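Colleague: I have the file open and would like to go through it with you. Could you load it here first?

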Amino acid sequence: MSSTGENGAAAEPEQLAFIRETVKRAKPRTWRGAKRAEHLPVARVVVDKGVLTIDKFFDYEVPAAMAEEAQPGARVRVRFGARVVKGQREGGELHDGFIVARLEKSDFPGPLAPLAQVLSPEPVLTPPLLRLCRTVADRYAGTLADVLQLAVPPRHAKAEAEPSPPPRPRPPEPAPGGWSRYPAGPDFLAALAGGGSPRAVWTALPGPGWPYEIARAVAATLAGGRGALVVLPDGRSVARVDRALTELLGEGMHATLAADLGPRERYRRWLSVSRGSVHAAIGTRAAMFAPVRDLGLVVVWSDGDGSHSDPRAPHPHVREVALLRAAEESAGVLLGGHAVTVEGAQLIRTGWARPLAADRETVRQVAPRVRTVTDQDQHRDAAAQAARLPSVAWEAAREALASGGPVLIQVPRRGYVPRLACGRCRTPARCRRCEGPLEAAAADAPLHCGWCGGAEPDWHCPECGSFRLRAQVIGARRTAEELGKAFPRVPVRTSGRDAVLATVPAEPALVISTPGAEPVVEGGGGYAAAVLLDGWALLSRPDLRAGEETLRLWLAAAALVKPAAEGGTVVVVAEPTARPVQALVRWDPLGHAGLELDERAQLHFPPVSRMASVAGSPAAVADLLGLIRLPSDADVLGPVPAPALRGEEQERALLRVPPGQGAALAAALKAAQIARIALRTPETVRVRIDPTDIG
DNA sequence: AGCACGCCGACT
DNA sequence: GTCGGCGTGCTC
């Protein structure tokens, strides 16, 4: 076969793609014997190479032709892994990297290879961004290269060629607005405007005001001559703050770094921040690294939301990155939400942040009335019974619809797949032979075991003897169908995973939503009522955060309901004595977070202790645990069997250290990982600081 | 990761 | 004598 490509017409698409790629990107010359730059001839480079370049910088010679462009922060290509043949350096794979410094001389004893190419002189990796990425990598036992991938967006040449507008003018100091509802609110704004760095854990009042409060905090920071950054958990909340900022400051005063923009627009906006044209940035998770200059304020909204945790290694969390930035860049912090996380409560308790909350009287004025009801309380009405609505919930929904407002029904996610449990006492229905979960292919279909497949024709509950079964959670779709029958002639709208509604009209309707997908009522009036169904399903999840998370989901829904004075009612179907239920009834998220924090402290759980998980094959986990040199008062929990991965047996161990030793734990884990690579141990161990799924 | 260098057993 | 085993170490 010819190697010259005459058979190109028959080539596979991948080959064509490869050819196009190689043709498009000009091959950098070797710069063999080229003159080197006279001034600062050494470029220190962070090479964007996977795990194996264990966090080292490499020095390269700067050819004279690149002396001007090869500035710190610039993207470059370098040859890596070359070999020396007959005194000449040959080959070496091209890798992308960033210049971190220009130096007079290198401390590397051998000869330096020249930079292959300056991809772009744009100084994207600014010193503060580099410092932040280094700090985040250390905090999470990850590599700088991994964090850089999260922090610096891919280059888009056209976007880079466009000039950014001149720096935006500073807005005037805003009036306190909704912040005057919080005793410490006006002072908080004034401190930001005055160049101070106040740090607050903000319990946001229910209602539609919070995006405007965030916008005012941003405006105050800009007015004081500094920059501001806001990170929110999803696109809908970004859009709300985006609108509030535009209303308050006008067009073009902030950059919205949304994920759905396309690479060019995204990079264009990122550059407008990096170049200092725009002083405020908002966005979802990835925006946590936005290179806002002279940062005066970082805002994180709803820091308990799971999407603030980055799924990519080393899994940095928006709140933690925000706190690291605030410390490093002397910025203020606003950690806000309708709920308060345990981490927020801890920041208050240690004195690092101040609580920013309204007094009880104000809360009473704006919060809806909350009632609890157990789901044993069945309604007499046949339709309500079919919809499994307790009578209190049924009445509340009926009255709310009659009053002319929409009613929100929150249903835990699960779809149609029924996981069965005892209809009376909620004990999961299990197979008598293998303890596997019992399932039914359809409602009224015969029972069988989900593990061994055996039939279970005459099940009864081993705990209470009941013969009644029910699906553990009825999904949003089926709830919608059944409620539609229960309330004929009332429109039913659903919002969930696949189709999330941003808003619903302020008219009678049943709005069925999974937690976190609740639409906002147009016009700012709010729902007339909300019914929070199947609370037990949220509360009984085997997760350390189940209580905290349930309260967060409930408060987020309840915050969309009208104040009690305007008839707003929330009915939560759950055991009334449960702590999150109590906290919802009293609308006391801060108190709840404090109690949770006490409990975590007692049990030596995070965030009072710092934890890390190590997962992999039993041999690999044992190997790492044998190598690691942990701080003396560290605990090793496990290893225990974990769910198989691609059919491979897996184990997981948890490492735990007391407060203040998180950095030591991360360092020990990183050292052990490096040692394993050096010893050429084949199987990798997945290390995760602050694991999210601990039962 | 690749890929070379390096120091001990059976072969043309 | 040499070819080659993959242990060990490096990549600017």
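Colleague: Are tyrosine 182 and tryptophan 202 buried or exposed?

Modeller: Tyrosine 182 is buried, and so is tryptophan 202, where buried means under 20% relative accessible area, exposed over 50% and partly exposed in between, with a 1.4 Å probe and protein chains only. Please keep in mind that this is a predicted model, in which local features need pLDDT of at least 70 and side-chain atom pairs count only at pLDDT 80 or more, while totals for chains, interfaces and linings use all residues. Residues are numbered from 1 along each chain as its sequence is written, chains are lettered from A and ligands numbered from 1 in the order in which they are written, and side-chain values use heavy atoms, with hydrogens and water left out.

Colleague: How many aromatic pairs are there in the whole structure?

Modeller: A search of the whole structure finds nine aromatic pairs; rings of Phe, Tyr and Trp (its six-membered ring) pair if their centres lie within 6.5 Å, and planes under 30 degrees apart count as stacked, over 60 as edge-to-face and the rest as tilted. Tryptophan 179 and tyrosine 182 have ring centres 5.3 Å apart and planes at 55°, so this pair is tilted. Tyrosine 182 also forms an edge-to-face pair with tryptophan 202, at 6.2 Å centre to centre and 75° between the planes.

Colleague: Why does the pair of tyrosine 182 and tryptophan 202 tie together parts that are apart in sequence?

Modeller: Tyrosine 182 lies in the loop between α4 (157-161) and α5 (185-193), whereas tryptophan 202 is in strand β8 (residues 199-203), so the pair ties together parts that are 20 residues apart in sequence. Helices here are DSSP runs of H or I with at least four residues, strands are runs of E with at least two, and both are numbered from the N terminus.

Colleague: And which residues form the aromatic cluster?

Modeller: One aromatic cluster is formed by Trp179, Tyr182, Phe188, Trp202, Trp210 and Trp301.

Colleague: Switching topic, which residues does the UniProt "binding site" annotation cover?

Modeller: According to the unreviewed UniProt entry, that annotation covers Cys422, Cys425, Cys461 and Cys464; UniProt positions are given in the numbering used here, feature names are shortened, and annotations may be inferred rather than shown by experiment. Cysteine 464 lies in the loop between β19 (447-449) and β20 (469-471), and with a relative accessible area of 26% this cysteine 464 is partly exposed.

Colleague: Now the helices: at what angle do α19 and α20 cross?

Modeller: The axes of α19 (residues 618-627) and α20 (residues 662-678) cross at roughly 115° and come within 9 Å; axes are lines fitted to C-alpha atoms, for helices over the stretch in contact, and angles run from 0 to 180 degrees between N-to-C directions. On the α19 side the contact is made by Ala620, Asp623, Leu624 and Leu627, and on the α20 side by Leu669, Ala672, Gln673, Ala675 and Arg676, contact meaning heavy atoms within 4.5 Å.

Colleague: What about α10, which of its residues are buried?

Modeller: In helix α10 (residues 342-349) the buried residues are Val342, Glu343, Gly344, Ala345 and Leu347, and what covers them includes β8, α9 (318-329), β13 (332-337), α16 (546-558) and α18 (589-602). Glycine 351, which follows α10, has a positive phi near 85°.

Colleague: Last one, how many helices and strands does chain A have?

Modeller: Chain A has 20 helices and 30 strands, and buried residues make up 50% of its 695 residues.
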